[in-house]
Amino acid sequence: MDKNTLQKYDIAGPRYTSYPTAPQWSADVTGEMYASALTRFGQNDKTLSLYIHIPFCEQLCYFCACNKVIRAKDEKVGDEFLDHLFKEIDRVAKLIRQRKLIRQLHLGGGTPTYLSEIQIERLFSKIQSVFDIDPGDEIAIEIDPRTVTQNKLKVLRRLGFNRISMGVQDFDAKVQDDINRIQPYEQVAQVHQWCRELKFESVNYDLIYGLPYQTRDTFKKTVDLVMGLRPDRIALYSFAYVPWLSKPQNKFNLDAIAVHDEKLDIFIQSRENLLAHGYQAIAMDHFALTTDAMARAFNEGSLHRNFMGYTLKPADEYIGVGPSAIGYIENTYFQNTKILPEYYEQTAQGRLPIERGKQLSRDDQIRQWVINSLMCRFKVDKQLFFDTFGYEFEDYFLEEGRHLHDCIEDGLINENSQRIQVTDLGKIFIRNVCMGFDYYLKDKNGQKRFSRTV
Ligand SMILES: C[S@@+](CC[C@H](N)C(=O)[O-])C[C@H]1O[C@@H](n2cnc3c(N)ncnc32)[C@H](O)[C@@H]1O
Ligand code: SF4
């Protein structure tokens with residue numbers, strides 16, 4: 001790709017963990033609406049995916065754009081949190097009034113293993129007291145290799161957790177120092193070995209490219225070390241530089257951050273390295289060993305995407321508990337307040353702590369379907385589109401013709417009467433391909449709210 005085209009696509013854009021994206025959500029969606037939706041959910045036989053957000057971390061990583069609360073290790077912090085979380089779970093369960101089967105359970109954060117062994121067991125028992133968990137389904141947790149212990153991993157495995165995801169980010173000492181996350185290779189290797197001994201079915205590493213002081217050479221060393229350990233999955237995230245949202249990112253020396261073609265080079269070099277070592281590129285920024293279930297799902301076209309990332313077994317409806325957690329029921333997004341004291345206040349009063357959301361129009365649902373198809377399968381099947389919505393693809397997306405034409409010209413997609421197929425180049429710029437279908441980006445000012453696509 002020539003420099004001009006690269007510059008054309010190296011712009012700010014969403015990651016599409018939801019469509020419509022969060023800036024379109026508003027306080028029009030309320031706790032009362034959520035309560036009614038949960039009640040109706042209790043009267044049907046739809047399945048459930050449950051996300052639990054545990055916001056605490058012991059130390060701040062300066063790059064982090066997650067919803068987290070920094071607290072020194074303290075059992076009392078976890079106990080107070082669980083008191084409120086259990087109130088929310090009770091409120092949700094009381095409205096559903098049915099022991100739903102959880103198809104997918106995900107503990108995310110922050111760092112869920114901030115909780116002690118006893119607290120994790122209490123949380124798991126609480127979930128089991130109101131819902132059924134099938135041990136064959138996805139039961140996943142995010143861990144921090146700096147703080148997790150072998151004993152905590154044993155407890156998780158005994159409870160039935162089968163998927164582990166850990167933040168690795170980068171092994172280079174200078175980068176680690178600058179991002180305030182000291183995590184030597186030996187520490188990660190030790191945690192990895194414990195996970196293997198305990199036979200977790202899948203181990204994922206998060207890596208980030210585009211961090212300060214990373215170069216092609218330093219990041220190649222990181223990827224080489226990672227491949228020596230051979231996690232089943234790797235999420236290779238582009239550093240989301242959003243200092244207006246994450247103030248500590250202002251500490252970074254901008255001159256030390258790779259941009260444009262240098263940043264893209266780091267990604268492409270890493271991608272090639274991973275592909276050459278038995279990993280398959282899965283959808284946007286994920287890689288998996290060809291033996292892993294995620295690679296199989298991708299190849300079979302059965303991969304799905306939600307706010308937890310990519311998933312193998314989609315449930316009908318999603319519920320999120322904990323501060324900032326997101327649910328999706330009856331084509332409506334519901335998000336809890338992100339602010340911990342507010343979350344405590346609302347739950348203490350027995351209220352659902354919903355802060356905002358978005359009810360999808362028919363057009364939103366149609367565009368969501370297309371964006372999901374591009375994100376998860378790198379293609380859009382026009383016949384399937386017609387069968388699902390009753391419109392000819394070309395008729396519905398007449399206005400998008402110009403965008404599709406540009407994407408074809410620039411080598412991002414191929415199109416025929418049956419399908420749109422994303423090319424290898426287009427896979428790298430998949431967010432840009434999707435952006436052409438985003439109704440709300442027709443007003444280009446909206447792009448200022450997102451990190452860069454490359
Ligand atoms: C909740 S953390 C993972 C678990 C645990 N807290 C840890 O850090 O080990 C989620 C992941 O989001 C990614 N992440 C956070 N901030 C990011 C940013 N600004 N840009 C890209 N990825 C980011 C990191 O790779 C991080 O591992
Ligand atoms: S990257 Fe993980 S450990 Fe670091 S602040 Fe973010 S959530 Fe916490």
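Begin by selecting the shell around ligand 1 in this predicted model, where a residue is counted as near if one of its heavy atoms lies within 4 Å; the shell divides into ten nonpolar, seven polar and four charged residues, with Ala, Val, Leu, Ile, Met, Phe, Trp, Tyr, Cys and Pro taken as nonpolar, Asp, Glu, Lys and Arg as charged, and the others, Gly among them, as polar. Of these 21 residues, F63, Q169, R181, D206 and A240 come nearest to the ligand.

Next, show R181, which has a polar side-chain atom 2.8 Å from an oxygen atom of ligand 1, and then A240, where a backbone N or O atom lies 2.8 Å from a nitrogen atom of the ligand.

Finally, move to D74, which caps the N-terminal end of α3 through a side-chain oxygen 2.9 Å from the backbone nitrogen of K76. After α3 comes R97, whose phi is positive, near 55°.

Residues are numbered from 1 along each chain as its sequence is written, and chains are lettered from A and ligands numbered from 1 in the order in which they are written. Local features need pLDDT of at least 70, side-chain atom pairs count only at pLDDT 80 or more, and totals for chains, interfaces and linings use all residues, while side-chain values use heavy atoms, with hydrogens and water left out.

Notes:
A polar contact is a pair of N or O atoms within 3.5 Å; within protein, one must be able to donate a hydrogen and the other to accept it, and residues adjacent in sequence count only if both atoms are side-chain atoms. Helices (H or I, at least four residues) and strands (E, at least two) are DSSP runs, numbered from the N terminus.
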